[in-house]
Amino acid sequence: MAILNCTFRVFFYACLVLVLVFIFPVRQNCAVAEDINFGTVIDPNQYIIGPGDQFRIDFWDGSTNPMNLDVTPEGTVLLTSMGRVDVGGVTLTEAKKRLRSLIDHFYADRDFSISLIGIRPIKVLIAGAVKNPGLYDAFVSQRVSEIINMAGGLLPGASHRKIIFNGNGSGDGQLIDMLRFERAGDLDCNPYLYAGHKIQIPLVTDSLSFVQISGEVHQSGGVEYREGDVLGSIIALARGLTGLEGDSAYIFRHQDDHVSRLAVPLSDSGQPIMPGDKIIVSPAMEKQQADFFSITGEIRVPGRYPHYDSLSLAGAIEIAGSLTLKADYNSITVFRNKRFRYNEETARMLTASNTNNLSFDSELAPVSLRIDGSNFDKLKSVTVFPGDSIVIPTLTGSAGVFGMVRYPGMIALSGPSSASDLIKKAGGYTSKARKGTVEVIRKTSGIRLVSDPRIEIYDGDAVLIPEEKSDKSTWNKIKDVVMMLGSAGIIYLAIDNLSD
């Protein structure tokens, strides 16, 4: 009986220890190796070598064993019996050049190769107009947008097109155009962190730092000006033309004490734009708007075409010469005129998730079709209306998972998948994740949805996992523990009494 009592006492105190550890977790300052994957090949002229990177030397004739070399905290590589090479803070190209120069002194008659086989975790400083500036743990395989996300996102008034990304703490750094990444999907405007370790987000306070664009574009409004902007780049940042445009745009420009008006053909996409310009893309004549539709993107012959009764989406694609090999037909989007937006045909095309508190100021609103690749005949059942602007997006082969997951970033995607499956591929939730909710930003249309993790994700979509906002104070947690331990004590006493 005494042995039984002792067993229950040990169990009781073990439960107490586990509960206290749960409430007051031990923080450990240790680096853990991670499985890091890139979505593209490392650019050796951009990758900056640092402590923790690993090299491998292979001799092709097999006479000498391969050499694995770690970059020390001092930024050096030590080669036994040969010497030391300083590689910290230089590019991968320069580091290989320095290693080769030393090894050639001892193995001049042998062919060998130098490879980067291990990449390091890093700390990235993000400062300026973000919600939570500071120093963040990251990996060189992550992109700048992921660190901005980790810092709570950009504040109102933050620059989107002049984000400074600095690699070595010297010079002005690389200017990043995050708006172009968000609206045009240009990954070159969202570089990997291996090119630097400091991100500075400036504020934009001068209204003349913006260009206003309206008229026949998919997203009217202000676009932050960046040196070198031309008419074509501003239209691209406004998500392109609607297909109902005429032949020209008007640029209103402040000059001295008056405003000049410049008519520019839309074909002159290289027309320079100045900060403070206002651009109006004029519509075509009303009759043309009613009798035409447009189709752009991954189509053989993009442009504006005459509309006829009973025209289907399949027929419109055939008129424009068929889809290209890069076409993402799962994410075809139609921007539809208001007068046709609420009819029975359009309502049938919309899914429940597409009607999630949407509000559009422009004359044209996006309708996401979500054509199932295995049911391509559905294109024949979708009616094209006068004035429709059909966009065939490019297939990227990936989707983004950001926020409260273990390994945020771009995930390879070969077809539609649920958000929960992508979350698993991103390493699963972190302890701070709100697991029942995801926010999804649809490619091309820009529609933002709030749903549960069962929602289907398509090529190019972005999935955001929000943080769980705990409302329990430490005192409330202690009270919960007291109640739990009280219950455990009652059970223990009951068992103890039974044993007597």
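In the predicted model, an open sheet is built from five strands, arranged in the order 7-6-10-8-9 with mixed pairing. Its edges are formed by strand 7 (134-139) and strand 9 (174-176), each of which pairs on one side only. From one strand to the next, the twist averages 25 degrees. Strand 8 (residues 163-166) and strand 9 run antiparallel and are joined by three bridges. Within this pairing, Ile-163 has Ile-176 of strand 9 as its bridge partner.

Three aromatic pairs were counted in the model. In one of them, Phe-59 and Tyr-107 are tilted, with 4.8 Å from centre to centre and 50 degrees between the planes. Phe-59 belongs to strand 1 (residues 54-59), whereas Tyr-107 lies in the loop between helix 2 (92-106) and strand 5 (112-118), so this pair ties together parts that are 48 residues apart in sequence. Both Phe-59 and Tyr-107 are buried. Phe-59 also forms a tilted pair with Phe-112, at 5.9 Å centre to centre and 50 degrees between the planes. Because Phe-59 lies in strand 1 and Phe-112 in strand 5, the pair ties together parts that are 53 residues apart in sequence. Phe-112, like Phe-59, is buried. Phe-59, Tyr-107 and Phe-112 make up one aromatic cluster.

Note on methods
Residues are numbered from 1 along each chain as its sequence is written. This is a predicted model: local features need pLDDT of at least 70, side-chain atom pairs count only at pLDDT 80 or more; totals for chains, interfaces and linings use all residues. Side-chain values use heavy atoms; hydrogens and water are left out. Two strands pair if DSSP finds at least two bridges between them. Helices (H or I, at least four residues) and strands (E, at least two) are DSSP runs, numbered from the N terminus. Axes are lines fitted to C-alpha atoms, for helices over the stretch in contact, and angles run from 0 to 180 degrees between N-to-C directions. Rings of Phe, Tyr and Trp (its six-membered ring) pair if their centres lie within 6.5 Å; planes under 30 degrees apart count as stacked, over 60 as edge-to-face and the rest as tilted. Buried means under 20% relative accessible area, exposed over 50%, partly exposed in between (1.4 Å probe, protein chains only).
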